[in-house]
Amino acid sequence: MRTTMILLCLLGTVFSTPLFAQGTGTITGTVRDAATQELLPGATVRLEGTTLGAYANSKGEYSIKKIPPKSYTVVASSVGYKTKQLFNVVVTSGNIVNLAIVLEPSASQGQTVTVEARTFGKRSETPLSVQSLTTEEIRSNPGGNFDISRVLQALPGVGGATGGASFRNDITIRGGGPSENVYYLDGIEIPQINHFATQGSAGGPAGILNVAFIEDVNLSSSAFGSGYDNALSSVIAVSQKEGNNEHLQGNIRVSATEVALTFDGPVSDNTTFIASARRSYLDLLFTAIDLPIRPNFWDFQFKTTTKFDNRTTLTVLGVGAIDFFKFGVPREQTPEKEFVLRAAPAIDQWNYTIGASLKKSLDNGQLFLALSRNMFDNQLLRNEKDPQGNVTGVGFRVNSQEIENKARLEYRHVTADISMRAGLQAQYSKYNNATLNRLSPTLVLDFASDMDFFRYGAYIDATTSALDGRLQLAGGMRVDGNTFMTTGNQFWRTFSPRISASFIVDSSWNINAAVGQYYKLPQYTILGYRDANNALVNQNTQYLGTTHYVAGIEYVPEPSIRMTLEGFYKTYSDYPVSLIDSVSLANRGTDFGVVGNEPVASAGRGRAYGAELFFQKKLTERFFTTVSYTLLFSEFTGLRSNDYIPSAWDFRHLVSGIVGYKLESGWEFGGKFRYAGGSPFTAIDTAASRRLYLLTGQVQLDNARLNQERLRAFRQIDIRVDKKWSFESWSLDLFLDVQNVFGFSLDAPQQYTFARTDDNSDWLSTDGQPVRPDGSNAIPVFLDNSSTLVTPSIGIIVEF
């Protein structure tokens, strides 16, 4: 706390610097039809509360210049379309703001509409369980560290790793595991969005996506469209900005952990680009504070947009990361550092996604074609060591690759009465894996596997209205298949219908409901596992299935305020359960390593249910806030019993709140509060841990008491202070971000190791003799894994 106060005083001194000559900013972009993506010449774009505005030209492009730097509400309108408001659009003198605006058609001529509801950015095909974030809400989120996954954890129904593991980006939504979410970038699926990713899951400690690229993020936690495959808990769709078409510009962001550089601008008359590179220096930071781990990463991102004419647009994008997680000898040894050196694997990873999409507007619809390729290379190594720390062998090793080549063709047809969409998907997948895992002296997983197969899917959905427009209806279905699983080509097994309805009570109140079936292919780590006879023993697994039932009410008294109350119930079938320890894989995915690299049975069932209450006020004038509460139960069965057991995501209570305030002088203040009920965990099996610790370096859990213990409740308060200056042709933002500002204790399960001698040269023993391989004469030590760490960070953002 003392360090935080000192930093605040220093920043106060810096921020008292007088303001120099202030420049002005520019907003440019395009306006399109949301259904057909056709450009809308003549559309009006204006800044609320000012006389500034512009009309879209014959190419659907607009430009508003000489804007005094501050936050604005942008209002877009066109004849025959619903007016749209974009809140908290920050204008600086450093960078042009490029906004691609899409407008929803209003009631067609000849239709009688009694009343229209305020949509708050909601789309008709997904009338409930949708939350949206803008780039400014992500950038300025206290404790968010410019990371999408961190910011999402403040939304209703969204949990994550808590306590001592709260540094990780493990997104759990409405009681589902991290592997149940899918991520799309401008319509292209991206399997990995985190550095140091857990293979077979989706979590990791740091996000890959650069917030400078992001226009908005939409989270659908139910009722997602049939065009998304492999989603059980949510679809997280990220829309990226287009590069500006006026001149080259850039920005640089420097924080306590990383530096990022971004450029965007025109390539030709009809092509723009945006590109970035980022490097962390966590290895230098951790060396300075004497931690034994040395993480380091790079990531890269680009997007080009080519407009051949008013109806045809080609987008090419790419995102990639390079991760290294190595170890160093600390200057001062402690039992906690010794545990990390023996338990954590070294990581050497890289991944990329590259894709292209073509959008063609038609007279009554749109054609969309997407091609992409992604690859994930994962190398993990944990060595066995003698008491002096010398390497004696390999305890755990993984060399693995996942490669996917994808194609999606989609056609949308729009009439006055109905909007229909149909699509086909095809994918060629390849997976390689060489694993050595010494689980005990008698149980060693040692195999090499490679496989390739095809996946395919088809879908159709439609939206329409009834009762003079008061009842909005949406429905769809999809099927999926593959050429690998024993029943993979029996695509009727994955027939997944869904339907949703929204009744407009009046312009402020909606009643919404949805039911849907969804399926997911088991992870490659499961499908590619081989036994000692080189047999693919998991080839007879089934698609994971879930059914969602959701109902709620929505109140939007004005365009900037929204309140929702929703209840949900989800059932799961054919969930993979480990044949080694009989535990459902629904409980895994929040550590470094691999999930699913073992024999499993599709025998698990599950259920997750609860209710969400959410209030949001977008920025108007100077103030914005969000508050949410979720009541949540998440339970799964194992192999030995049909009894439902709380999963690792059974938080019971989730509370979050964000508040922000902006002053005219360029000061911005923000705070965030998060609370999660104590998450379940499994007690240590002390006898097995003693027997196997020298072999595995891992704690062994007593799965007979699976998740019968609970951590103390998680609570954390983060704050953020910004001060912005706008100069003639560049701008400066200095910020202070403090995580866990009050030093609350973040609880976590205990760690296990053996006592060491004072000089750390050997293990202590009960009889003065060398510790036996089975640890029978070792002295067990239980390490407190809780943390009261306060994490302050000072950074700058320069736009030029």
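Helices (H or I, at least four residues) and strands (E, at least two) are DSSP runs, numbered from the N terminus. The model is predicted: local features need pLDDT of at least 70, side-chain atom pairs count only at pLDDT 80 or more, and totals for chains, interfaces and linings use all residues. Residues are numbered from 1 along each chain as its sequence is written, and side-chain values use heavy atoms, with hydrogens and water left out.

**Exercise 1. Describe the chain as a whole: how many helices and strands does the chain have, and what is its radius of gyration?**

Step 1. The chain contains seven helices and 43 strands.

Step 2. Its radius of gyration, taken over C-alpha atoms, is 27 Å.

Step 3. Along the principal axes, the C-alpha atoms fill a box of roughly 90 × 65 × 45 Å.

Step 4. Of the 800 residues, 57% are buried, that is, under 20% relative accessible area with a 1.4 Å probe and protein chains only.

**Exercise 2. Work out the open sheet of five strands: what is its order, and which strands stand at the edges?**

Step 1. The order is β8-β15-β16-β11-β12, with mixed pairing; two strands pair if DSSP finds at least two bridges between them.

Step 2. β8 (130–134) and β12 (188–189) stand at the edges; each has a single partner strand, so one side of each lacks a neighbour in the sheet.

Step 3. Inside this order, β11 (residues 181–185) pairs with β16 (residues 234–240) in the parallel sense over five bridges. L185 stands opposite V238 in β16.

**Exercise 3. Characterise the largest cavity: which residues are closest to its centre, and which elements give two or more residues to its lining?**

Step 1. A cavity is a set of points on a 1 Å grid over the protein atoms alone where a 1.4 Å probe fits but cannot get out. The structure holds 13 cavities of 30 Å³ or more, a volume being the space filled by probe spheres set on points joined across faces, edges and corners.

Step 2. The largest cavity holds about 460 Å³ of space. Among its 31 lining residues, P191, N230, E402, E404 and K520 are the closest to the centre; lining residues have an atom within 4 Å of a point.

Step 3. β11, β22 (346–362), β23 (365–385) and β24 (391–414) each give two or more residues to this lining.

Conventions. 1 Å grid on protein atoms, 1.4 Å probe; cavity = no way out; pocket = protein on both sides within 12 Å on 5 of 7 lines; lining within 4 Å. Rg over C-alpha atoms; globule rule 2.2 N^0.38 Å. Buried < 20%, exposed > 50% of the residue type's maximum accessible area, 1.4 Å probe, protein only.
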